[in-house]
Amino acid sequence: MMDNQGSDIARTAPRVLLLGGTTEASQLARALAEAEVDAVFSYAGRTAAPVAQPLPTRVGGFGGVAGLRDWLQVQRITQVVDATHPFAAQMSSNAVHACAAAGVPLLAFERPAWQPQAGDRWQCVADIDGAVAALAPTPARVFLAIGRQNLLSFAPSAQCASHHYLLRLVDAVADLPLPSAQVVIARGPFTVEGDRALLQQHGITHLVAKNAGGSGAAAKLEAARLLGLPVILIDRPAVPARRMAATVEQVMAWLGHHGGAAGNAERGV
């Protein structure tokens with residue numbers, strides 16, 4: 001939950017930087033556009049064709065903490081909302097330190113982590129290395145639902161050499177570091193029926209995923225539950241303490257606006 005501190009900041013028209021890349025960021029962008037808030041939407045640039053936004057958009061990094069601090073000052077940003085992926089720990093950490101240095105208030109808009117339910121066969125691990133270690137050496141067919149940034153961690157492991165991997169990515173990848181893998185190109189949100197069919201079609205025996213939370217990518221977990229499959233779930237990385245919000249309405253209130261109905265999710269990650 002968000003606290004009440006900072007709810008009355010920027011009584012004049014704000015200029016907001018929205019760090020995006022999630023369904024929640026897209027929902028917030030629509031709310032900001034509807035409220036006619038002066039805002040800039042920022043993508044990291046890892047997706048070739050990101051979802052179009054109703055706000056002016058920039059793509060790419062800022063050049064670390066110092067680069068972001070300078071950008072905030074040059075652009076006269078009054079508030080920053082961090083709605084990046086829960087595993088974008090470096091960007092979130094940079095935002096905390098850059099905002100502190102620039103004297104710009106920061107709010108993190110973050111979806112709750114997934115929680116186990118009856119019938120789940122979860123093994124929670126601290127990081128990618130823990131997920132690699134958790135896969136038994138016995139040959140398995142693994143739905144590796146972690147995106148493309150950490151695939152190399154699974155390639156050199158002798159323990160994982162006998163596995164076949166199924167990857168679902170937004171963009172095609174020219175060269176995969178995994179010796180035995182198949183790629184499905186798709187953009188969420190996904191359905192339980194579709195993910196159950198996907199797991200059965202490819203004979204999946206294990207699921208490896210990041211605990212990203214949200215509804216757009218939760219279908220694979222329910223599908224695994226229905227099929228009785230073991231899930232290796234990677235915990236979220238640590239990020240410096242920051243003010244938090246859980247809904248679009250909370251963010252808009254912090255910015256001094258109200259309303260902002262969000263439409264249907266456009267992307268599952």
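Which residues touch the most other members of the largest nonpolar core? They are Leu18, Leu28, Leu32, Val81 and Val251, in a core of 23 residues. This is a predicted model, where local features need pLDDT of at least 70, side-chain atom pairs count only at pLDDT 80 or more, and totals for chains, interfaces and linings use all residues. Residues are numbered from 1 along each chain as its sequence is written, and side-chain values use heavy atoms, without hydrogens and water.

A nonpolar core here is a set of buried Ala, Val, Leu, Ile, Met, Phe, Trp, Tyr and Cys residues joined through side-chain atoms within 4.5 Å. Buried means under 20% relative accessible area (1.4 Å probe, protein chains only). Helix α1 gives the most, five residues. Another core, of 19 residues, lies apart and includes Leu144 and Leu169.

Six strands form an open parallel sheet, in the order β6-β11-β10-β7-β8-β9. Strands (E, at least two residues) and helices (H or I, at least four) are DSSP runs, numbered from the N terminus. Two strands pair if DSSP finds at least two bridges between them. β6 (122–125) and β9 (181–185) stand at the edges with a single partner strand each, so one side of each has no neighbour in the sheet. β8 and β9 pair over five bridges, and Leu169 stands opposite Ile185 in β9.

| Helix | Lies across | Angle |
|---|---|---|
| α5 (residues 192–201) | β7, β8, β9 | about 150 degrees to β8 |
| α6 (residues 219–227) | β6, β7, β8, β10, β11 | about 155 degrees to β10 |

Notes. Buried < 20%, exposed > 50% of the residue type's maximum accessible area, 1.4 Å probe, protein only. Contact = heavy atoms within 4.5 Å. Axes fitted to C-alpha atoms, helices over the stretch in contact; angles between N-to-C directions.
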